[in-house]
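Dear colleague,

Please find the structure below, followed by a short account of what was found in it.

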Amino acid sequence: MTENAFEAIPGRSVGESRSDQNKANSSLLLLCDHASNGLPPGLGTLGLEPQLFATHIAYDIGAAAVTRTLAAAYGAPALLGRWSRLLIDLNRGADDPTLVMKLSDGSIIPGNRDADAAEVARRVAAYHAPYHAAITAELDRIGTGAVVVSLHSFTPRWKGNPREWEVGILYDRDTRLAAPLMARLAEAGFTVGDNEPYTGALEGDTLYRHGTLRGLPHVLIEMRQDLVATNDAANAFAARLKPIIDVALSDMHSRG
């Protein structure tokens with residue numbers, strides 16, 4: 001079961017890197033918690049109308065394509081959640097009450113509504129724990145120089161209100177990468193959200209567990225979904241994003 005909990009993209013070894021820049025950034029680990037809108041066989045649609053699985057309540061539209069493109073460009077390892085966030089939210093602590101959502105953006109999730117503690121524990125063991133164990137193992141392999149970058153996406157509008165940001169940078173206490181990345185994104189012409197449209201100060205989430213608690217530089221990049229909604233758009237966005245990340249990483253390293 002555990003091998004089906006996530007998708008793992010192996011990184012190239014340093015000797016296989018195609019440029020000095022890739023060698024310098026060989027410690028990068030890319031994550032995509034909400035990569036998929038799929039469900040394991042036998043679960044149907046959790047009682048939801050199938051068309052809802054094409055919407056943001058099921059996954060982060062475009063985030064997986066951007067993650068895969070960046071992983072290929074960097075030769076960096078990447079870990080992507082294999083199943084919908086409606087099954088279990090990988091970006092929550094195992095004791096978070098929103099780990100298995102019963103209501104999402106106005107839609108009741110019938111297959112989750114009656115999920116008891118035993119069912120939540122089963123999903124944690126089958127899907128959540130293996131994903132986070134894989135992140136831990138990859139960071140152990142990379143070592144103390146690891147840098148964690150997580151990719152998410154957000155809707156252009158929320159409750160009828162437009163969201164002006166094209167990209168948001170989320171962080172908690174550690175601004176080593178967040179600060180230069182926000183500055184470089186703004187220089188490149190992006191409208192940047194500083195801990196918008198969400199806050200990065202969520203105790204127990206992926207970056208808290210694997211970045212904050214390990215003392216590793218980390219950042220969560222939120223992309224507006226209309227900019228990454230198709231594969232072509234996501235690939236173009238990733239191509240625009242990579243040199244910005246490169247410079248931000250260089251800024252971070254130069255500042256010590």
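**Salt bridges and cavities**

A salt bridge joins glutamate 187 to arginine 184, with their closest N and O atoms 3.0 Å apart; the term means a side-chain nitrogen of Lys or Arg within 4 Å of a carboxyl oxygen of Asp or Glu. This is a predicted model, in which local features need pLDDT of at least 70 and side-chain atom pairs count only at pLDDT 80 or more, while totals for chains, interfaces and linings use all residues. Residues are numbered from 1 along each chain as its sequence is written, and side-chain values use heavy atoms, with hydrogens and water left out.

Glutamate 187 and arginine 184 both belong to helix H5 (residues 178-187), where they are three residues apart, about one turn of the helix. Helices are DSSP runs of H or I with at least four residues, numbered from the N terminus. Glutamate 187 is exposed, with a relative accessible area of 60%, whereas arginine 184 is partly exposed at 28%. Here, buried means under 20% relative accessible area, exposed means over 50%, and partly exposed lies in between (1.4 Å probe, protein chains only).

In one of them, arginine 141 forms a salt bridge with glutamate 138, and the closest N and O atoms are 2.5 Å apart. Both residues lie in helix H4, three residues apart, about one turn of the helix. Arginine 141 is exposed, at 55% relative accessible area, but glutamate 138 is buried, at 19%.

The other pair is glutamate 119 and arginine 122, whose closest N and O atoms are 3.0 Å apart in a salt bridge. They are separated by about one helical turn because they are three residues apart in helix H4 (residues 117-142). Arginine 122 is partly exposed, with a relative accessible area of 36%. Glu119 and Arg122 are also linked with Arg123 in a network of salt bridges. By the rule given above, the count of salt bridges comes to 13.

A cavity is a set of points, on a 1 Å grid over the protein atoms alone, where a 1.4 Å probe fits but cannot get out; lining residues have an atom within 4 Å of a point. Grid points are joined across faces, edges and corners, and a volume is the space filled by probe spheres set on the points. The largest cavity contains about 40 Å³ of space. Its lining consists of Ala5, Arg82, Trp83, Ser84, Leu87, Ile88, Leu90 and Tyr127.

Yours sincerely

Definitions and conventions
1 Å grid on protein atoms, 1.4 Å probe; cavity = no way out; pocket = protein on both sides within 12 Å on 5 of 7 lines; lining within 4 Å. Helix = DSSP H or I, 4+ residues; strand = E, 2+ residues; numbered from the N terminus.
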